[in-house]
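Dear colleague,

Please find below the structure that I am handing over to you. My notes on it follow directly after.

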Amino acid sequence: MTAGSTGKTTRVIAVCGKGGVGKTSVSAVLTRLLSNLPDKKVLAVDADPAFGLAGALGIAVSRTVDQIRNRLIERIQQGRAGDRREIIAGLDYEVLEALEERRNIAFLAIGRPELEGCYCQVNQFLKEIIASVHKAFDYVVIDGEAGIEQVNRRVMEKVTHLLLVSDASAKGLRVAETIQIVAARAVGYEHSGLILNRLRGRDEQARLRLPETLKVLGWISEDDMVRDFDIAGSSFLNMPDGPMIQSLGVCLSRFGLL
Ligand SMILES: Nc1ncnc2c1ncn2[C@@H]1O[C@H](COP(=O)(O)OP(=O)(O)OP(=O)(O)O)[C@@H](O)[C@H]1O
Ligand SMILES: [Mg+2]
């Protein structure tokens with residue numbers, strides 16, 4: 001855990017897993033559950049270029065970190081960027097401007113993976129700024145669509161909680177296992193746990209061959225409400241209690257997050 005300048009202890013949770021297993025749904029419900037805790041502030045970070053989390057939280061994205069980055073690169077190429085101090089001050093301002101705020105939730109979209117050509121220094125500046133922004137929050141929830149290496153490279157050097165999501169498929173479980181191995185190198189998490197999503201009851205859970213290296217936090221059944229909210233494009237922040245919310249609550253307390 002990292003203690004922010006404000007004295008807060010920030011828990012940084014990266015939600016990762018195979019495509020389509022429910023990362024965005026879990027991230028959105030997680031944001032909702034954490035933001036309901038008294039006096040807690042949550043930063044939700046959408047690392048999916050298609051803005052899945054923004055949609056699930058009912059937020060329209062007006063500016064992304066990627067756009068800020070590209071504009072800075074243009075200014076550097078034209079020799080108009082100023083010195084290091086000016087660059088950092090400008091980026092800091094722009095990232096804060098890009099935050100969308102809803103009550104005690106702030107939202108930041110990362111945007112597209114960067115174009116060819118290494119502007120590592122710019123990435124580093126941005127990561128430092130995101131790291132300083134996150135200190136003002138109790139929780140940071142990252143919908144890590146692009147995988148853990150990209151989270152490390154583009155969003156955050158360290159996460160405290162690696163939240164793996166898988167469906168019942170052997171492939172989903174294998175991907176979760178691999179992400180955990182890569183994450184140990186890439187982001188050095190403190191806690192890691194697996195949520196099994198869309199299971200069809202205890203029988204199915206009993207049939208799964210779970211890798212021993214993964215710590216299972218719990219399982220979520222098929223939830224028609226998740227489906228319906230997705231179809232309607234409604235904000236998960238307004239979702240009434242259902243299997244997803246209840247089960248995720250249990251998983252999170254096992255993970256020491258609630
Ligand atoms: N517990 C659940 N019950 C019913 N439907 C679910 C559940 N979890 C997820 N879904 C549905 O599964 C689909 C994929 O979910 P989601 O978008 O959250 O996955 P994802 O891992 O973020 O996908 P991607 O890798 O494309 O970003 C969505 O249509 C969502 O409504
Ligand atoms: Mg997604």
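In the largest nonpolar core, which has 72 residues, I13, A14, V15, V45, V141, I142 and I195 touch the most other members. Such a core is a set of buried Ala, Val, Leu, Ile, Met, Phe, Trp, Tyr and Cys residues joined through C-beta atoms within 7 Å. A residue is called buried if 20 or more other C-beta atoms lie within 10 Å of its own, exposed if 12 or fewer, and partly exposed in between, with C-beta atoms placed from the backbone. In soluble globular proteins, nonpolar side chains tend to be buried together.

This is a predicted model: local features need pLDDT of at least 70 and side-chain atom pairs count only at pLDDT 80 or more, whereas totals for chains, interfaces and linings use all residues. Residues are numbered from 1 along each chain as its sequence is written, while chains are lettered from A and ligands numbered from 1 in the order in which they are written.

Leaving aside neighbours within four places in sequence, V15 is in contact (C-beta atoms, placed from the backbone, within 7 Å) with K23, V26, S27, L30, V141, I142, D143, G144, L163 and V165.

Strand 3 (residues 42-46) has 5 of its 5 residues buried, so it is largely enclosed by the rest of the structure. From this strand V42, A44 and D46 point one way and L43 and V45 the other. Helices (H or I, at least four residues) and strands (E, at least two) are DSSP runs, numbered from the N terminus. Strand 3 runs parallel to strand 5 (residues 105-109), joined by 5 bridges, and also pairs in the parallel sense with strand 6 (residues 139-143) over 5 bridges; pairing requires that DSSP find at least two bridges between two strands. L43 stands opposite A106 in strand 5 and opposite V140 in strand 6.

Around ligand 1 there are 19 residues, of which G22, K23, T24, S25 and D230 come nearest; a residue is near if its C-beta atom, placed from the backbone, lies within 6 Å of the molecule. Helix 1 (23-35), strand 8 (191-199) and helix 9 (224-232) are the elements that give two or more residues to this shell.

Strand 8 also pairs with strand 9 (residues 216-221) in the parallel sense, over 4 bridges, and L196 stands opposite W219 in strand 9.

Lastly, A170 lies in helix 7 (residues 170-186) and is exposed, with 11 other C-beta atoms within 10 Å.

With kind regards

How values were computed
Two residues are in contact if their C-beta atoms, placed from the backbone, lie within 7 Å.
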